[in-house]
Each structure stands twice: as C-alpha cells, then as structure tokens.
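I opened my notebook for a friendly look through this one. Here are my entries, in the order I looked things up.

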Amino acid sequence: MQESFRVRTRKKLEVVDITRGVAAAVLRSAVAEGVCTVFVRHATAAVVINENADPGFRADIVAALDKLFPEGVWEHDKVDDNGAAHLKAAFLGPSESIPVQGGRLLLGTWQGIALVECDGPREREIVVDVRA
Ligand code: ZN
C-alpha cells in the first residue's frame, strides 16, 4: 500500500513531527508484518527518526545544521541561492525505513519520525509505502 500526505511548513528551517500521519497510513495499510518506508519528494527537505519528546532537541537539529552548513558560500548559490538547504537535506537523506510488527511501527519509546524543512516555508509531500 502506498499513499501520501502533505505538510505545510512555517519556517525556513524547521523540524516537524509526522509520526501520527505515518502511523495512520500503516494502520490503513492493514499490513501486519513488513516494512514502512517514509520518503519526502523534495531536494531541500529530509526525513529523520530521532528523539521526539523534547522540543529542545528539534531546536538542536536546526542549530547543528546551521553550524555545519553556513549560508551563501556554495557553488549552487549561483543557481538559485539555496546551496545550504540542499546540503542539509542531502546530509540527512530523504527517507527512512521502519519495521512494522503487529500492524504498528516498531519505533522505540523515544523515537519519532520528523520532516526536516531546509528551505521553507513550503508545502511538502510525504510518501508512505508499506509492504508485507
Ligand atoms: Zn536549489
């Protein structure tokens, strides 16, 4: 089963929890045992799985990405001035795979799935592919 949903981001660089949207798609798939792939269809956004309870950690991801990839010093900035956004997204990657067990995502207690917006605000499309 494959479906997609859209997320409207509000900031240039932002971490948005999408765990519920993905979990709902897994329930609708009725797959008991398998793999769920979450994929963002954009070159300046990423999907990560990490600590989900502390909003401070989401701020840490934003701060770390800004330190790693400063603005305005990249070759791609000559094209459309968002080289740092592409590098942040490439560093994190566009997808994650999560085992499905008992019809549910096999996430750890503190793990959540997040969209990382690197060049917002924009509307982003997330594809959820669940296979038995
Ligand atoms: Zn670009």
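Which strands does helix H4 lie across, and at about what angle does the helix run to E4? I looked this up before anything else, keeping in mind that the model is predicted. H4, residues 83–92, lies across E4 and E7. Its direction is at about 50 degrees to E4.

**Entry: the sheet under the helix**

Next I traced the strands. I found an open sheet of 3 strands, ordered E2-E7-E4, with antiparallel pairing. E2 and E4 each have a single partner strand and stand at the edges, so one side of each has no neighbour in the sheet. From one strand to the next, I noted an average twist of 35 degrees.

**Entry: strand E7**

I then went through the pairings of E7. With E4 (residues 45–51), E7 pairs in the antiparallel sense over 7 bridges. Among the residue pairs there, I noted Glu51 with Gln111 as its bridge partner in E7. With E2 (residues 14–17), E7 is again antiparallel, over 4 bridges. On that side I wrote down Val15, whose bridge partner is Val116, and Asp17, which stands opposite Ala114.

Is E7 mostly covered or mostly open? I checked residues 111–117 and found 6 of the 7 buried, so I put the strand down as mostly covered, buried being under 20% relative accessible area.

**Entry: salt bridges**

- Arg124 and Glu117 meet through their side chains at 2.7 Å, N to O. I have both ends as buried: Arg124 has a relative accessible area of 1%, and Glu117 is at 0%.
- Arg6 and Glu123 form a salt bridge, with the closest N and O atoms 3.2 Å apart. Arg6 belongs to strand E1 (residues 2–8) and Glu123 to strand E8 (residues 123–131), so this pair ties together parts 117 residues apart in sequence. I noted Arg6 as exposed, at 52% relative accessible area, while Glu123 is partly exposed at 37%.
- Glu75 and Lys78 meet in a salt bridge of 2.9 Å, N to O. Both of these residues are exposed.

Which residues do salt bridges with shared partners join into one network? I listed Arg6, Arg8, Arg41, Glu123 and Glu125.

How values were computed
Residues are numbered from 1 along each chain as its sequence is written. This is a predicted model: local features need pLDDT of at least 70, side-chain atom pairs count only at pLDDT 80 or more; totals for chains, interfaces and linings use all residues. Side-chain values use heavy atoms; hydrogens and water are left out. Buried means under 20% relative accessible area, exposed over 50%, partly exposed in between (1.4 Å probe, protein chains only). Helices (H or I, at least four residues) and strands (E, at least two) are DSSP runs, numbered from the N terminus. Two strands pair if DSSP finds at least two bridges between them. Axes are lines fitted to C-alpha atoms, for helices over the stretch in contact, and angles run from 0 to 180 degrees between N-to-C directions. Contact means heavy atoms within 4.5 Å. A salt bridge is a side-chain nitrogen of Lys or Arg within 4 Å of a carboxyl oxygen of Asp or Glu.
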